[in-house]
Amino acid sequence: MNGKITFVGAGPGAPDLITVRGAEALKRADLVVYAGSLVNEKLLDYARNAELVNSAKLSLDEVLALLCNGYHAGKSVVRLHTGDPAMYGAVSEQYRELDKQDIPYEVVPGVSSAFAAAAALKTEYTMPGLSMSVIMTRDAGRTPVPEKEALPSLAAHDCTMCIFLSAGNMRALIGKLRAAGRPEDTPVAVVYRASWENEKIVRGTLADIAERVEEAGIKRQAMIVVGKALNREQGGLSSLYDRNFAHGYRAAAGTEPFRGKCAVFGMTREGIAKALEIASGLTEADVFVPEKYASLVPEHRRVIYPDGRSKQAIARAWGIYRGFVMVMAAGIVVRHIAPLCGSKTSDPAVVVCDERGDYAVSLLSGHIGGANRLASDVARITGGKAVVTTASDVRGMTAFDELASRFHYRVNNPGAILKVSSHLLENGRVEVRMPRVLYDRFYADDARVVFCGESRDISVSVPGTETVLRMEAPRFFLGIGCRKGTGIAALRAAVAEVLKRSWVLMDCVEGFASADLKREEKGLLEFARETGKKLRFFSKKKLNAQKVEHPSEYAMKHLGIHSVSEAASLLAAGKGAALVTGKTVCGSVTVAVARQMKKTAL
Ligand code: SAH
């Protein structure tokens, strides 16, 4: 009988940084051929039953002979490479030869040293505003590098770089980065033997790193990381945690997600995979799965039913779950639920989705039951399209109460919402006063909504009736921190960006606030003047007495203040103020947004 060849990524060094699959392969192995000094020999402890061969001194032919003979002798052979085999693993020539001889093999990935170095440095290679790409490369050594990939041309991209196999000649390397125009203060970190007992980290800049690395005696087995991403403090915020960014798994503020527990059904293998993807994105959901596919679904999520009994399973779940997502043909769903349907006010939401997740059809209880919302949740998760057929939604208009919730307005008389929307549904006209920017953006093309004047608060009236929906504008203060000498353009851009992300209109900004020591900051003063808004300053003492969400080590170290933007915004907004957007870094400017509490009449 033939054996089995598995190429395994050993990870960066620490024996517990191999994958579970990789360790299992070692445990089963009869023969392990491991690649030299960067594979931690502790890993070989997993391979209790195997013959061990260090390939450092072997030629390619000798290695291949070991693998092939092992295979033909029916052995389980592991070829163990450092990090991930796909990075400078010299595996392709081995794959090629095995292919030629028609010998099958498998590949198990590993943690590359590029990522072990990031972990050691506690850094993120991709940070908004600093770098959104990583170049993994090496300096040309004995192994040549294609001309178009020569370091000076790659380094001309301002992004993060992970440079392998190049610590031996730091001076030459740095020279090439300079030649590419990277500035002298570009951060560089060198991680020697990431994740090993004797790991060493040297940090510096283009100006001094070569010297520091020499002093530390590092010449090999090191990852060189270059780029501004190493300055964690300067990074912007990823939109991932932005409350206004509709991520696949989180609905943006203002678009209400479906509330209530869902049952998600799939029938085929592929359908169940999609059902699981959907269930993990919903707030609360179980996956219903026939017995034969039970192992595809993690235990904490699954409800197993006997094969071929989906109809009964749906019937049992009806009345218990508020939402049903059915990943299957609509016909099956219609037949199964027909006898269960009761009334508009009591039926659960039912959404049908195809196996590819292209369409999420709101099938039953679109409005009251929330199937329209559930359909849009499902579509967001799968990247598909929600199909909604109920009347008020096809009119394609942003409802006024939705607008209010998005832009932090307060609805003063919610009772009027229904009157306004039913009037609109019958194609009636309404007259509005609101900020022009909102009208232009949401209603300008809708003949039913007539603009009757600019106003910070919003009012929507139904002509010829008493009905006026009133929504009151919120008030905000922006806390601003900036580096010395920051120009007005940078401030303008940073504030605009943060307002956009926070769904805050400039009209609703009362003023700006900063630290005392910015009183003479020209750009800031000019910016406040240009906007015609207040500008307030707070002493170090006051700022430090204010509790904030994201204190900054950097500001503490350089200014002795634990937070400028957050603390100043909260202080300016006064008692009961709430932070709407925490410290957001945009280049040399940080901005936070605090909302004023509504002033109550005394
Ligand atoms: N396949 C490996 C890379 C092999 S090339 C991987 O994915 O990591 C060998 C080079 O990788 C070394 O010269 C060094 O630049 C880097 N390297 C490997 N292990 C390392 C470690 N533990 N710490 C830092 N660099 C390492």
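Analyst: Thr581 stands opposite Val593 in β27, where strands are DSSP E runs of at least two residues and helices H or I runs of at least four, numbered from the N terminus. This is a predicted model, in which local features need pLDDT of at least 70, side-chain atom pairs count only at pLDDT 80 or more, and totals for chains, interfaces and linings use all residues. Residues are numbered from 1 along each chain as its sequence is written, and side-chain values use heavy atoms, with hydrogens and water left out.

User: In what sense do β26 and β27 pair?

Analyst: β26 and β27 (residues 589–595) pair in the antiparallel sense over 6 bridges; pairing requires that DSSP finds at least two bridges between the strands.

User: What is the strand order in the sheet?

Analyst: The order is β25-β24-β23-β27-β26, an open sheet of 5 strands with mixed pairing. Its edge strands, each pairing on one side only, are β25 (534–538) and β26 (578–586).

User: Switching to helices, how do α6 and α7 pack?

Analyst: Helix α6 (residues 170–179) and helix α7 (residues 209–216) pack at about 165 degrees with their axes 9 Å apart, the axes being lines fitted to C-alpha atoms over the stretch in contact and the angles running from 0 to 180 degrees between N-to-C directions. They are therefore roughly antiparallel to each other, a label for angles over 145 degrees.

User: And which residues meet there?

Analyst: From α6, Met170, Arg171 and Ile174 meet Ile209, Ala210, Glu211, Val213 and Glu214 of α7, with contact meaning heavy atoms within 4.5 Å.

Conventions
Parallel < 35°, antiparallel > 145°, perpendicular 65-115°, else oblique.
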